[in-house]
Amino acid sequence: PSRLATQITKALRPGAEAVIEAYVGTPTQTDIAAAFAAAFSEPQIRPILDLERCFDDAGLFVLDASDQTAAHLDLAIEGFRRLEGEIGKLTEAGDADPLRTAAIMRELAWETDAWRVRIKLLHRGQLVRRRWWVKRDEA
C-alpha cells in the first residue's frame with residue numbers, strides 16, 4: 001500500500017485532490033489480508049489505520065473519510081438479484097458454442113462464490129468498504 005500511495009502522490013500536482021476507495025480490514029482485524037488473498041487473489045487488504053498511515057507517509061492529507069459498506073452491500077445484493085435473471089437468460093437462449101457457455105458458467109460460479117464470501121465478511125464487519133478524499137501537500 002505504501003508504494004501505491006507514493007505513486008498516487010507522484011501523479012497528483014501539488015495541492016491536487018483524489019478520491020480513493022478500497023476494501024480494508026477493521027483496526028482489530030489483522031488476519032484479513034491472508035484470508036482475503038487466498039480466497040480472491042487480492043493480497044492488499046490491510047487494516048484501515050495501516051492504509052491511512054501510508055497516505056500520511058506519502059504526503060497525502062485525508063480531508064474526509066467515509067464508510068461506504070452499507071451502500072456497497074446494497075449494490076452487491078441488487079447485483080445478485082439481477083444476476084439470477086441473466087443466468088436464466090443465458091441458459092434459456094442456449095449458446096451455439098457449448099464450450100463457451102461452460103466457460104462463462106464456470107467464471108460466474110467463481111465470481112458468485114467470491115462475492116458470497118465478500119458479502120459475508122462485510123456483513124460481519126470483518127471487511128469494510130472505505131472512501132477517502134485526499135489532498136497532496138502544496139509544496
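Let me begin with a working definition: a residue is buried under 20% relative accessible area, exposed over 50%, and partly exposed in between. With that in hand, hello everyone, and please keep in mind that what you see here is a predicted model.

Let's start with one tryptophan. Where is Trp133? Its place is in strand β3, residues 127–136. Its relative accessible area is 38%, so Trp133 counts as partly exposed.

Now for the strands around it. Which strands pair with β3? One is β1, residues 17–25, which pairs with β3 in the antiparallel sense over nine bridges. Within that pairing, Ala18 has Val134 of β3 as its bridge partner. Another is β2, residues 60–67, joined to β3 by seven bridges, again antiparallel. There, Ala65 has Trp132 of β3 as its bridge partner. As a reminder, in a regular strand the side chains alternate between the two faces of the sheet.

On to helix α1, residues 2–11. Which of its residues are buried? Ala5, Ile8 and Thr9 are. They cover an arc of only 100° around the axis, and therefore sit on the same side of α1. What do these buried residues pack against? They pack against β1, β2 and β3, and also against α3, residues 48–57. Turn to the face of α1 that points away from the buried side, and you find the exposed residues Arg3, Leu4, Lys10 and Ala11.

Thanks, everyone, and I'm happy to take questions.

Terms used: Residues numbered from 1 in each chain as written. Predicted model: local features only at pLDDT ≥ 70, side-chain atom pairs only at ≥ 80, totals over all residues. Heavy atoms only, no water. Helix = DSSP H or I, 4+ residues; strand = E, 2+ residues; numbered from the N terminus. Buried < 20%, exposed > 50% of the residue type's maximum accessible area, 1.4 Å probe, protein only. Pairing = 2+ DSSP bridges. Arc of directions from axis to C-beta. Contact = heavy atoms within 4.5 Å.
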